[in-house]
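This report describes how two chains are folded and how they meet. The structure comes first, and the notes follow it.

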Amino acid sequence: MSEEIYRFRLFVAGEKPNSLLAIANLTELCETHLPGRHEIEIVDVAANPKRALLESIFMTPTLVSVMPYPGRRIVGTLSNTEPILQILGLGPAQRRDFPGMKDRHASLLVRQPD
Amino acid sequence: MTAAPVNDEKLSTEKRSTKTPTGITGLDEMTGGGLPRGRTTLLAGGSGSGKTILGLQFLANGARHYGEPGIFVAFEETPARIIANAETFGWNLEQLQPKMLAFIDAQPPPDLVQSGSFDLTGMLIALEEKVDEMKARRIVFDALDIMLALLPDAAAQRREIYRLHAWLLEHELTGVITLKAESSNSGPFGFMQFMVDCALILNHTMVLGVSQRNLRVQKYRGSSFDENESPFLIGSSGFEVAVSRTLGRSDVEVTNERISSGVARIDTMLGGGYYRGASVLITGFPGTAKTTLSGAFAEAACARGERTMFVSFDSDANEVIRNLGSVGIRLERFVDDGSLNMVSARTITGSAETYLVRIKTLAKAHRARCLVVDPVSTLSKSGNELTAHSVAERLIDWSKAEGITLVCTSLLDEMAGQSEAGSPLQISTLADTWIHLNYVVQAGERNRGMSIIKSRGTAHSNQVRELILSDSGITVTDTYTAGGEVLMGTLRWEKESAGRHAAEAATVAARLDSARLDAEEAELAARVKSLQVELAAKQSEKLVRARSAEIHESELALARERMSQLRGTDEAPDLPRVTR
């Protein structure tokens with residue numbers, strides 16, 4: 001496991017149940033998989049609509065990865081951690097466990113430090 | 001008393017303000033003024049049915065003509081592509097941006113990863129920002145189905161549709177949501193149908209290989225609308241919906257003005273010519289001089305200084321001009337001075353609707369007062385039969401509304417017999433004047449016969465005339481009726497000259513007769529004279545004879561007396577008298 005810092009930006013719309021759920025899920029995920037090496041910025045588009053327009057946030061909540069895979073987006077309440085971990089190159093997944101995996105995921109896995 | 005009209009006006013203003021004009025030809029007429037203001041309109045149709053164009057035109061017209069800024073939310077295509085695709089329509093989208101028209105690229109990224117549920121609140125917040133910034137009045141969500149497809153279930157889709165609908169109502173935006181839908185009542189489409197205030201359905205079908213596009217207003221809450229499916233066309237300036245009769249259109253002004261048909265005798269036959277604004281149908285088999293007659297009309301119109309358009313489906317403009325030139329109809333000068341627009345529509349392919357829209361657009365651009373469509377029967381070529389009749393009807397309807405005098409020719413199928421009613425077009429019932437041309441085959445030659453089958457509101461001759469084409473133009477002559485037979489062409493000529501010969505011969509014969517009689521009379525008179533002379537001779541001879549006999553007698557008596565004196569005889573009483 002490298003000591004790379006993961007930076008996230010989470011866009012939510014107001015203090016609605018799905019906003020709160022997303023925040024809680026992200027926090028939990030980070031605590032579990034990236035203890036001590038993550039930064040989370042939470043943007044409430046209701047309070048900051050210009051940013052939503054600027055960054056084309058149409059579905060909320062949206063998680064944008066700033067580092068190390070800039071621009072990757074995950075929409076939803078983040079209740080299903082599996083795809084998130086795959087994208088972030090975390091998780092327990094091994095390359096041979098996913099023979100049908102798409103190339104971009106495979107390349108992510110290549111970059112995954114052992 | 002003055003209160004009532006004021007109220008009425010107020011009402012009508014209010015009524016008008018509940019609709020947002022789309023500025024799209026035909027659509028505003030169908031809906032009685034446009035889409036419901038501040039409400040949501042669903043625009044559904046299959047792929048390639050023209051949803052995006054209609055939505056974009058709604059915004060472009062709003063921005064250009066009604067001063068209403070609009071936002072286009074694109075879920076399916078990039079705004080750049082949409083703008084590029086619409087470039088040919090001449091809406092000047094670049095000039096409208098960013099103040100009057102804005103595009104929001106809301107395409108979900110192709111590699112979007114989903115984890116758990118989401119909603120569209122973010123989009124609405126972003127849009128709200130944009131709406132406030134632009135003071136937008138109109139908004140179009142193009143291909144909402146793309147976004148809805150990301151939602152996990154029907155319940156979530158409904159929830160988001162509700163959210164969107166409520167948002168639109170709250171902001172009093174006139175919204176158009178386009179949705180791909182092949183069949184009705186399925187999925188989000190069926191649900192939205194019930195929710196929205198107005199639903200338009202576009203469909204695009206192929207009939208015998210000819211593209212037919214139709215638009216239908218499926219529902220419109222609180223308003224009357226044209227419920228029929230109306231054909232539409234995506235033309236050079238965008239959407240055009242063909243509506244035959246616009247709701248509440250007042251009757252067209254009619255006139256008693258007559259205009260020349262271009263052939264003096266036909267004018268006489270019609271009692272003065274065609275009515276201005278009338279629709280004239282000229283039917284006939286190929287080669288019966290339909291084009292020539294319509295060309296004569298065009299020439300006469302141009303000579304009067306009226307702008308005229310000649311649409312030929314058969315041949316190129318130059319060919320038409322050359323061919324008509326051979327019968328003394330010279331159109332070139334009018335093409336040169338710009339009063340005549342020759343349009344060869346041979347190159348136009350597509351539905352009858354396409355033709356009609358093109359003709360209308362061109363005629364409008366030319367400001368034509370007279371229009372020739374040669375032949376209108378092209379409209380009903382394969383694949384168009386279903387719509388051709390209504391198209392012809394609309395052509396006539398439109399030309400009447402515009403006050404354009406329309407002359408159209410219609411080709412009759414030789415096999416179909418002489419009744420135009422047998423053709424799919426059936427415009428003979430709609431036309432005001434119907435001139436029929438046909439061939440009369442007699443003694444091995446074909447001649448052109450012309451008759452006026454009907455002419456509304458004009459007294460007209462019911463006689464079949466012969467149409468003669470020559471270098472100097474068209475002439476119409478009376479046919480020769482002999483012994484119950486109508487003769488035309490050389491037969492007529494022969495009969496006519498034979499008649500002339502016979503009359504001459506009769507005169508000569510009469511003269512000869514009278515001379516002979518004179519001679520006989522003279523001869524008889526001469527004979528009478530000679531006989532009289534002979535008679536006189538005989539009479540005098542007779543006289544002479546009588547005298548000489550008398551003399552002889554008296555001499556004999558004298559002699560006898562003398563003898564008796566000499567003999568001294570007495571009287572013998574019964575002595576027979578001796579005579580010679």
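## Contact between the chains

Two residues are taken to be in contact if their C-beta atoms, placed from the backbone, lie within 7 Å. The model is predicted. In it, 27 residues of chain A are in contact with 20 residues of chain B. On the side of chain B that touches chain A, strand 6 and helix 6 (121–134) of chain B each supply at least two residues. Helix 6 of chain B gives the largest share of that side, 8 residues. Sorted by class, the side of chain B that touches chain A holds 9 nonpolar, 6 polar and 5 charged residues.

Strand 6 of chain B also pairs across the chain boundary: 2 bridges join it to strand 4 (residues 73–75) of chain A, and the two strands run parallel. One of the residue pairs is A:Ile74 with B:Val113, its bridge partner in strand 6 of chain B.

Chain A has 114 residues, of which 28% count as buried. It contains 4 helices and 4 strands, and from the N terminus on these elements follow the order β-α-β-α-β-β-α-α. Of the contacts in chain A between residues at least 6 apart in sequence, 61% join residues at least 24 apart.

An open sheet of 5 strands has the order 2(A)-1(A)-3(A)-4(A)-6(B), with mixed pairing. At its edges stand strand 2 (38–44) of chain A and strand 6 (113–114) of chain B; each has a single partner strand, so one side of each is left without a neighbour in the sheet. Strand 2 of chain A pairs in the parallel sense with strand 1 (residues 6–12) of chain A over 7 bridges. In that pairing A:His38 of strand 2 of chain A is the bridge partner of A:Tyr6.

## Helix 6 of chain B

Helix 6 of chain B has 14 residues, and its first and last C-alpha atoms are 20 Å apart, close to the 20 Å expected at 1.5 Å a residue. Its buried residues are B:Thr121, B:Gly122, B:Met123, B:Leu124, B:Ile125, B:Ala126, B:Leu127, B:Lys130 and B:Val131.

From chain A it includes strand 1, helix 2 (49–54) and strand 3 (62–67). From chain B it includes strand 4 (70–74), strand 5 (101–105) and helix 8 (154–170). Just after helix 6 of chain B, B:Lys135 takes a positive phi of about 55°.

## The nine-stranded sheet of chain B

In chain B, 9 strands form an open sheet in the order 17-16-18-19-15-20-21-22-23, with mixed pairing. Strand 17 (340–344) and strand 23 of chain B stand at the edges, each with a single partner strand, so one side of each is left without a neighbour in the sheet. The twist averages 20° from one strand to the next. Helix 14 (residues 352–366) of chain B packs on the sheet and touches strand 16, strand 17 and strand 18 of chain B. The direction of helix 14 of chain B makes about 155° with that of strand 16 of chain B.

A hairpin through 2 residues connects strand 22 to strand 23 of chain B. B:Arg465 stands opposite B:Asp478 of strand 23 of chain B.

## Strand 18 of chain B

Is strand 18 (residues 370–374) of chain B largely enclosed or in the open? It is largely enclosed by the rest of the structure, because 5 of its 5 residues are buried. B:Cys370, B:Val372 and B:Asp374 point one way from strand 18 of chain B, while B:Leu371 and B:Val373 point the other way.

Strand 18 of chain B pairs in the parallel sense with strand 16 (residues 308–312) of chain B over 5 bridges. The bridge partners include B:Phe310 with B:Val372, and B:Met309 with B:Leu371. Strand 18 of chain B also runs parallel to strand 19 (residues 405–411) of chain B, to which 4 bridges join it. There B:Val373 stands opposite B:Cys408.

## Helix 16 of chain B

Helix 16 (residues 489–567) of chain B has 79 residues and reaches 115 Å from its first C-alpha to its last, close to the 117 Å expected at 1.5 Å a residue. The number of buried residues in helix 16 of chain B is 2 out of 79, so this helix lies largely in the open. B:Gly568 follows helix 16 of chain B and has a positive phi, near 75°.

Technical notes:
Residues numbered from 1 in each chain as written. Chains lettered and ligands numbered in written order. Predicted model: local features only at pLDDT ≥ 70, side-chain atom pairs only at ≥ 80, totals over all residues. Buried ≥ 20, exposed ≤ 12 C-beta atoms within 10 Å, placed from the backbone. Pairing = 2+ DSSP bridges. Nonpolar A, V, L, I, M, F, W, Y, C, P; charged D, E, K, R; others polar. Expected span 1.5 Å × (residues − 1). Axes fitted to C-alpha atoms, helices over the stretch in contact; angles between N-to-C directions.
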